[in-house]
Amino acid sequence: MATIRIAAPDTASAGEVIELKALIQHPMETGYRSGPDGKRIERDIIEKFEVTYDGETVFEADLRPGIAANPIFTFYTRATTSGPIVFKWTDQDGESWSETHELTVE
Amino acid sequence: MTGAPKRRDVLAGLAGTAALPLLSSPALAQSQPRIVIVGGGFGGAAAARYVKTYLPGASVTLIEPQARYTACPFSNLVIAGLRSLEAQQFGYDNLKAIGIKVIGDRAEDVDAGARTVTLGSGDRLAYDKLILSPGIDIRWDALEGYDEDAATAMPHAWKAGPQTSLLREQLEAMPDGGTVIMSVPTAPYRCPPGPYERASLIAHYFKTRKPASKLIILDAKDEFSKQPLFLEAWAEHYPDHLEWIGASDFGRVISVDPGAMTLSTDFDTYEADVANVIPPQKAGEIAARAGVADQTGWCPINPVDFSSTLQPGIYVIGDATIAAPMPKSAFSANLQAKLCALQIARELKGEALAPTILANTCYSYVTPDAAVSITGVYSNKDGQLSSIESSGGLSPADPAPSVRAAEAAEAEAWFEQITLQTFG
């Protein structure tokens, strides 16, 4: 299981612009490097990062081998309604990890 | 050209190889080139000395506002209470004694076109060759919350002097059981292994004097200089007193609050009893004024003679330069100064600038009686400094205790030698 860290406010006022930050610990192995045995290290990367807020996609990104290990995304959205913010990462083999943060809008 | 050549004409002639055979030594002596050096540290003071050595007839002027220089190497021992700050301080009397003019003022500006340096007093100084050795300045805008006022609450102690004493006083005043947080930036910064030596010696102070206290390093990097040797020493000596948190474990500090004494990473906030914030850095301010710093804040140079690639007639040495893989260290600055002085002398005498090998050794104390080192040897490869493979290297891992003790003695001998060569 990959370690995931999320930084997001628990509460916000309606209309407020909030900062969301998400990091996943992942090697993002390019497939171009050689290991100590001289053999190529197989490619292992996350390909997709998606964030939904109350069911609606508010952020998505395609990742490529040029992205460094432990990718961190910081972005902004407008608080509209109380609901779950779901952060989801999917790797090249279709395996995925997700974390949910509940936002309360007052 | 008719009549007696003027000094300007002789120097201008030096640039063209056709004129060189005509220039005899007496002519050079008569021309008395004006060499001005800014910054009296391990780079600048050595540059002044070696220019004067290689070109005894030259007029050599060193501009340095401080009457006494406070050395950074070994200042971590001061912070740990193992050495006095006075032992770090050196004056310029011996440079004056060999005919170097020392001006106790700040260089405020450089006009590269007119070849003049403007001093704090407003006076202008004309030069034929200018060597800048300005060291580092803090990038006050780079870390949220860390400005000049913040540095009084959360000292950086990355320029030796009052900041060194301040951090020492804070450590002494901290009750046992306290937490020290050290923040370390990404490269490039002055003295790559410096934070880890400092952490080792502070941990030693806690272990021997305040055993319930702890130091946490929050690092913006995952890898650092001499890492395996430090990790080995920390596991052996300071398992209860020192914790290192790298970038992958969320160690990168993104903001500080000197009022609340907190440091924040992307996901966590740490409360500190004493905070040592080693902030992002850039070349000393005068480099930007002179137009020799690029958008990175550091100074690109030609490794043959450390001439600026951005301005003619100006040379940059020491921490201010982009000389990687050669690190920003006193050792590097000192050797770059000697090389720069030698090449300037060769050029002014009409000799060819022979390429030169450079080297660096950095010692780091892991306890007061044990040190580790890294050595690199560098050559100029197509205008870029490059490590010579299978030269230099690290101290051995897991050696007999006598090896670390011998390196601690070597470190001491090195400091004595380099300060003697520079200021003695």
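Let me start with the contact between two helices of chain B, where Ala46(B), Ala47(B), Tyr50(B), Val51(B) and Tyr54(B) in H3(B) meet Asn334(B), Ala337(B), Lys338(B), Cys340(B), Ala341(B), Leu342(B), Ile344(B) and Ala345(B) in H11(B), contact meaning that C-beta atoms, placed from the backbone, lie within 7 Å. The residues of this contact divide into 11 nonpolar, one polar and one charged, with Ala, Val, Leu, Ile, Met, Phe, Trp, Tyr, Cys and Pro counted as nonpolar, Asp, Glu, Lys and Arg as charged, and the others, Gly among them, as polar.

This is a predicted model, in which local features need pLDDT of at least 70 and side-chain atom pairs count only at pLDDT 80 or more, while totals for chains, interfaces and linings use all residues. Residues are numbered from 1 along each chain as its sequence is written, and chains are lettered from A and ligands numbered from 1 in the order in which they are written.

H3(B), residues 44-54, and H11(B), residues 330-348, pack at an angle of about 30° with their axes 8 Å apart, the axes being lines fitted to C-alpha atoms over the stretch in contact, and angles running from 0 to 180 degrees between N-to-C directions. The two helices are therefore roughly parallel to each other, a label for angles under 35 degrees.

Turning to the strands, chain B has an open sheet of three, ordered S6-S7-S8 with antiparallel pairing, where strands (E, at least two residues) and helices (H or I, at least four) are DSSP runs numbered from the N terminus, and pairing requires at least two bridges found by DSSP. S6(B) and S7(B), residues 116-119, pair over four bridges, and Val110(B) stands opposite Val117(B) in S7(B).

Conventions: Angles under 35 degrees count as roughly parallel, over 145 as roughly antiparallel, 65 to 115 as roughly perpendicular and the rest as oblique.
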